[in-house]
Structure formats: structure tokens, C-alpha cells
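Colleague: I am new to this structure and would like a close look at a single part. Please show it to me before I ask.

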Amino acid sequence: MFGDISKADKIYIACGYTDMRKSIDGLAAIVQQNYQLNPFQNSLFLFCGRRRDRLKALCWEGDGFVLLYKRLENGSFQWPMNAEAVRSITYQEFRWLLEGLSIDQPKAVKKINITACM
């Protein structure tokens with residue numbers, strides 16, 4: 001399905017600023033060269049510009065890349081600014097991000113890893 005990001009196994013967020021003039025090839029190169037990740041894996045890669053009002057999402061669908069672009073008319077994304085870093089986020093954190101919230105919610109109840117407890 002065209003642009004169905006719900007099928008992505010993982011979501012990665014490129015912290016810091018990304019040059020929003022970059023298109024599919026440039027963003028795929030950032031994923032590969034800067035973060036040593038495979039852009040062809042079943043993952044969603046998120047990028048944000050300097051003004052934090054624009055977001056690009058890159059995903060591979062098996063036969064080609066899909067590039068999604070969102071521009072906020074009012075407000076900005078609460079984007080993590082530790083440059084040169086990439087981190088994996090959950091679908092809940094992704095929803096928070098799109099709703100204008102920080103992905104680091106200090107009062108959110110965190111899920112427990114059962115295998116680590118035993």
C-alpha cells in the first residue's frame with residue numbers, strides 16, 4: 001500500500017537538523033553513511049528541518065522508496081536536538097511527536113521488559 005507507515009517494524013528519528021532540500025537519495029545516504037543503518041529495511045526514518053515545522057519520513061516498500069512530507073501551519077515539532085544521533089522510537093512516541101509533544105514524557109508509564117526481570 002502506498003505510504004502505509006503502520007507496517008514499519010521500527011521507527012528511527014534523526015536527531016538534530018537535516019537539510020530539508022534533500023530528497024530520497026540524499027536521505028537514504030544519510031541513513032546509510034551517518035547512522036550505519038540499512039535504508040532498505042522495513043523501517044520508517046524521520047527527519048526534521050532547522051525551523052522544526054517540517055518533517056520528512058522515508059520508508060522502503062519493497063519495490064521503491066516512499067517520501068512523506070508534513071509542514072505545520074502553526075507550531076513546531078518537539079524534536080530532539082542532540083545532533084549526529086539516531087534513535088529508535090515507539091509508535092506511542094511517534095504519535096506524541098506528531099501531536100507536538102516531546103518524545104521524552106517523564107510521567108508516562110513505561111512498559112516493563114518481563115525477560116529482564118526474571
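Colleague: Which exposed residues does the face of α1 turned away from its buried side carry?

Modeller: The model is a predicted one. On the face of α1 turned away from the buried side, the exposed residues are D25 and Q33. The buried residues of α1 are L27, A28, I30 and V31. Around the helix axis they span an arc of only 150 degrees, so they sit on the same side of α1. An α-helix has 3.6 residues a turn, and therefore residues three or four places apart point the same way. The cover over the buried residues of α1 includes β2, β3 and β4.

These strands belong to an open sheet of 5 strands, ordered β4-β3-β2-β1-β5 with mixed pairing. The edges are β4 (65-71) and β5 (86-89); each has a single partner strand, so one side of each is without a neighbour in the sheet. From one strand to the next, the twist averages 25 degrees. β4 pairs with β3 (residues 54-60) in the antiparallel sense, over 7 bridges. Within this pairing, R71 in β4 is the bridge partner of R54.

Now the two ends of α1. The loop between β1 and α1 (24-34) holds T18. T18 has a relative accessible area of 10%, so it is buried. Beyond its neighbours within four places in sequence, T18 is in contact with L27 and I30, as well as F47, C48 and G49. L27 and I30 are among the buried residues of α1. After α1 comes Q36, with a positive phi near 50 degrees.

How values were computed: Residues numbered from 1 in each chain as written. Predicted model: local features only at pLDDT ≥ 70, side-chain atom pairs only at ≥ 80, totals over all residues. Heavy atoms only, no water. Pairing = 2+ DSSP bridges. Helix = DSSP H or I, 4+ residues; strand = E, 2+ residues; numbered from the N terminus. Axes fitted to C-alpha atoms, helices over the stretch in contact; angles between N-to-C directions. Buried < 20%, exposed > 50% of the residue type's maximum accessible area, 1.4 Å probe, protein only. Contact = heavy atoms within 4.5 Å. Arc of directions from axis to C-beta.
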